[in-house]
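I open this notebook to record what I looked up in the structure shown below. The entries follow the order in which I consulted it.

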Amino acid sequence: MNSLKIGEITLTWLNGGNTKMDGGAIFGVVPKPLWSKKYESNELNQVNLPSDPIFFEYAGKRILVDAGIGNGKLTEKQKRNYGVDEESSLEENLRKLGVSPQDIDYVLMTHLHFDHASGLSKLEAGELVSIFPNAEIITSNQEWTEMKNPNIRSRNTYWEQNWRPIESQVKTFEQKWSMGPIKLVHTGGHSNGHSILIIEDGGDIAIHLADLLPTHAHHNVLWVTAYDDYPMTSIEEKQKWINWGIENDAWFTFYHDAVYRGVKWNAKGEIKEAVKRD
Ligand SMILES: [Zn+2]
């Protein structure tokens, strides 16, 4: 398991499963001759997109960021469509860290698309149950509202089976949620309720732009996925936060990157420090 220290807080990446998505969809309007120089694809034009949650502790609280694709919840057809070649092993990973799923106090959800929210619940004796029964599940009010009442487009990714089992644990916020040096900030863009995570501790900063910056190859603010519902918002928020992160020498951390867990960029956009995946 890879980790990164931000002040006194140690971020540890867990295995939330792997998908292989169409490269064209992941890089939106960017032509393949450009994106293929920055991110590897296979003969089917698919790119590897792991979905790896981050675990950390703060002030005795145990916190997860997003929940992975889950285990045993996708149909064979869904697995084929999303190129799932590995499901989540979150519970095993946590146990290795001496943490049980019951110990998790907060799950901070950047958004509730299936590849982030499926891992919140599992099938037990034919019934869907919460995996983190004692956690508050934090998400923006916009995201939660749309998940329960998706539109004709978003119903492809906001599934009832992913919100029903955890409904009673959800706590929503409007613009911002914070606890000490940790904050979630609503951005919109990728989804109407999408939020990002910022951790500032001991002079270090981590900024987790979630699906506004799915991989290091999305550094260019115009490189927005075709899944983004509000691409101009994504572009504006990327401009704002990538500049802010670079000016403040922040670590940019990733959920979907197949190469890096986190990078620091200089003003020219060159990687000056990196944590690579195992
Ligand atoms: Zn995603």
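**Entry 1: Asparagine 141 and conventions**

I looked up asparagine 141 and found that at 27% relative accessibility it counts as partly exposed. I note the cut-offs: buried is under 20% relative accessible area, exposed is over 50%, and partly exposed is in between, with a 1.4 Å probe and protein chains only. Asparagine 141 has its place in helix 6, residues 141–148. Helices (H or I, at least four residues) and strands (E, at least two) are DSSP runs, numbered from the N terminus. From asparagine 141 to histidine 256 I read 24 Å, C-alpha to C-alpha, for a pair 115 residues apart in sequence.

This is a predicted model, in which local features need pLDDT of at least 70 and side-chain atom pairs count only at pLDDT 80 or more, while totals for chains, interfaces and linings use all residues. Residues are numbered from 1 along each chain as its sequence is written, and side-chain values use heavy atoms, with hydrogens and water left out.

Aspartate 115 counts as buried because its relative accessibility is 9%, and histidine 256 counts as buried at 3%.

**Entry 2: The largest pocket**

I next looked up the largest pocket, which has a volume of about 460 Å³. Its lining has 21 residues, of which Met21, His113, Phe114, Thr157 and Tyr227 lie nearest the centre. Strand 3 (18–22) and helix 5 (114–117) are the elements that give two or more residues to this lining. By class, the lining residues divide into 8 nonpolar, 9 polar and 4 charged.

For the terms: on a 1 Å grid over the protein atoms alone, a pocket is an open set of points where a 1.4 Å probe fits, with protein on both sides within 12 Å along at least five of seven lines, and lining residues have an atom within 4 Å of a point. Grid points are joined across faces, edges and corners, and a volume is the space filled by probe spheres set on the points. Ala, Val, Leu, Ile, Met, Phe, Trp, Tyr, Cys and Pro count as nonpolar, Asp, Glu, Lys and Arg as charged, and the others, Gly among them, as polar.

**Entry 3: Strand pairs**

I examined strand 12 (residues 176–179), where Trp177 and Met179 form the covered face and Lys176 and Ser178 the uncovered one. Strand 12 pairs with strand 13 (residues 182–186) in the antiparallel sense over 4 bridges; two strands pair if DSSP finds at least two bridges between them. Tryptophan 177 has leucine 184 as its bridge partner in strand 13. The two strands form a hairpin with 2 residues between them, and glycine 180 in the turn has a positive phi of about 55°.

Strand 5 and strand 6 run antiparallel and are joined by 5 bridges. Tyrosine 58 stands opposite lysine 61 in strand 6. Here too I recorded a hairpin with 2 residues between the strands, and alanine 59 in the turn has a positive phi of about 50°.

**Entry 4: Positive phi in loops**

Most residues other than glycine have a negative phi. Alanine 125, in the loop between strand 8 (121–124) and strand 9 (127–130), has a positive phi near 50°. Alanine 125 counts as exposed, at 86% relative accessibility. Aspartate 249 has a positive phi of about 55° and is partly exposed, with a relative accessible area of 35%.
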